[in-house]
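The sequence and the coordinates should be kept in view throughout.

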Amino acid sequence: MTERTPVLSVRGLSVRFLMPGGRRVAAVTDAHFDVAPGECLALIGESGCGKSVLASALLGLLPANAQSAGSARLGDLDLLTADERTLGRTVRGRLIGLVPQSPAAHLTPVRTIRSQLEETVAALTGARGRAAVRAAARAAADRVAFPAGHLDRHPHELSGGLAQRAATALALVGDAPLLLADEPTTGLDRDLVDRTVDELRRHVDAGPDAADGNGPGRGLLMITHDLAAAERIADRVAVMYAGRIVELTDARGFFGSPGPRHPYGRGLLRALPDRAFTPIPGMPPELGDLPTGCAFAPRCDLATDACATLPPVTGGLACHHPVTEDARV
Amino acid sequence: MSDTPVLELRALTAGYDRRAPAVRNASLTVASGEAVGLLGPSGCGKSTLARVAALLHRPDSGALLLDGEPVRHWRHRAPRAQRTAVGVVFQQPRLSADPRLRLSDLIAEPLRATGRSQEIPERLAELTAGVGLTPDLLGRRPHEVSDGQLQRACLARALVLRPRLLICDEMTAMLDASTTAALVAAVEDYRATTGAGLLAVGHDRTLLDRWCDRTVHWDDVTAGVLSAPGAV
């Protein structure tokens, strides 16, 4: 899987927010990962750990007080240095399709789903002329199984599940090789979560139809704190804590055997109601006031003096005391 | 006391339009000290039911009993004794917290509103530790804390008057696994020391089955079958 040319290749990505009074908030620090075509990488972690900032950095949507470093290559383009014109005209919608967190807030409230789909089709595809645009919008709706009878409805007239499908349809119109899903299942009930991630998986496996699509399938970077959804869809998992990716590993091994090697990933799984249901003690640290060593050490029962220094990333893991025994035992 | 259910709903119908009620003929009982999970899909009306039970929405018909006493008035017209017997935590902490209040004032507000300000220092100290907040967070306003931290404060606010019944409407739907487990543990600690009843409304069967003594499905609650402990 990793031999294929990645769709997205992130190297040393860091984002700092400059706050009033000269304070600096380290939202993302030194992130390295690839997303291959046909692959889903799930980025998981507690709220406020920097996941969504990472997504905003990839789309060039960081606020003005943010500084980013490193690189994020999508084909020949570095997303971090691209100017707004390039991002607007070639990246958003065309190279990266965004499946938003809250479709109800993402869709335009005063226009019908059909009109939003037609506008997107006209802007992103070669369809010209009223009939062709209408047909292409209809096809885009069909692709996500959005019922044709609901196309003339406004967003507030749709259920959460249908609004999510409409937003996904918009994300797929440009046949982008990379899909970026930011908490696509927040607030949905379990059946809808399952349906939404299964549909996303289908679009990952189906791949861009465009002739110049780079290989079999789209890449999907899914940002989520829903571990059940991540287990259902992901090929690989990146665990983020306090702005750093502390573990990057195969999803099957992470959720099954041998389980997470980083004590934080292990703690997250132990908190699930169908496992031990015990919380990790304490709370995540403030991103503006991180310790110099391992940020998880204050909450970790394996921590020793060694944890006062920052653990290097070796084999996709940043920990001085990786867990070795099987999580399920 | 132990024989009287802390909460009883009898054939309750409620909604925002009398011609199309969101809740139709719902019946449900929470025994004293019992934890009941109410399971239903998005949009089924379970939040409306939770609002009625929390005295925040007047039903169109049916009866609601708190500790065996029928409820006759809702919202600001509810008598204080009944209003303060129920604590409620909502799904979205951002929408249920006044953005101008520091967390300490957010948590203490129910004590001020009921003329019990002298209890604030003691309760604040107990609850801060109980819900896993740290004292340095108490001076912050909602926009300066995370969703998980704000929800912890909202739970502390719901517990500050020591309610006999706690209603949690999708309390953890926006939260990660660890914060979810921490908040549930805080609720259960409170219930273990006070014997309070719990109605936990949600869509996650795994969570409710693990958390509650029994889980009832929305379809059974509204089917006209009076659901009582033991009557599975």
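What percentage of the contacts in chain A with a separation of 6 or more is accounted for by residues 24 or more positions apart? The answer is 66%. The model from which this value is computed is a predicted one.

Along the principal axes, the C-alpha atoms of chain A occupy a box of roughly 70 × 45 × 40 Å. Of its 329 residues, 47% count as buried.

Which strands pair with β3(A)? One is strand β8 of chain A, residues 219-224, which pairs with β3(A) in the parallel sense over 5 bridges. Within β8(A), Leu220(A) is the bridge partner of Cys40(A). Another is strand β9 of chain A, residues 236-241, which runs parallel to β3(A) and is joined to it by 4 bridges. Here Leu43(A) has Ala238(A) of β9(A) as its bridge partner.

Helix α6 of chain A covers residues 160-172. At 1.5 Å a residue its 13 residues should span 18 Å, and the end C-alpha atoms are 19 Å apart, which agrees. This helix is mostly covered, as 11 of its 13 residues are buried. The buried residues run through Leu162(A), Ala163(A), Gln164(A), Arg165(A), Ala166(A), Ala167(A), Thr168(A), Ala169(A), Leu170(A), Ala171(A) and Leu172(A). What do they pack against? Their partners in chain A are the strands β6 (96-99) and β7 (178-182), together with the helices α3 (103-106), α4 (113-124), α5 (130-143) and α7 (190-206).

In chain B, helix α5 also has a covered setting, with 12 of its 13 residues buried. Its first and last C-alpha atoms are 18 Å apart, close to the 18 Å expected at 1.5 Å a residue. Among its buried residues are Gln149(B), Arg152(B), Cys154(B) and Arg157(B). The cover includes β6 (86-89), α3 (103-113), α4 (120-130), β7 (165-169) and α6 of chain B.

The two chains meet in a contact that takes 25 residues from chain B and 25 residues from chain A. On the side of chain B that touches chain A, the elements giving two or more residues are α5 (147-159), α6 (177-194) and α7 (205-211) of chain B. Of these, α6(B) gives the most, with 7 residues. By class, this side of chain B has 9 nonpolar, 11 polar and 5 charged residues.

The largest nonpolar core contains 173 residues, among which Leu178(A) and Leu199(B) touch the most other members. Apart from its neighbours within four places in sequence, Leu199(B) is in contact with Leu7(B), Val30(B), Val36(B), Leu38(B), Ala50(B), Ala53(B) and Ile167(B).

Methods. Residues numbered from 1 in each chain as written. Chains lettered and ligands numbered in written order. Predicted model: local features only at pLDDT ≥ 70, side-chain atom pairs only at ≥ 80, totals over all residues. Expected span 1.5 Å × (residues − 1). Buried ≥ 20, exposed ≤ 12 C-beta atoms within 10 Å, placed from the backbone. Contact = placed C-beta atoms within 7 Å. Nonpolar A, V, L, I, M, F, W, Y, C, P; charged D, E, K, R; others polar. Pairing = 2+ DSSP bridges. Core = buried A, V, L, I, M, F, W, Y, C linked by C-beta atoms within 7 Å.
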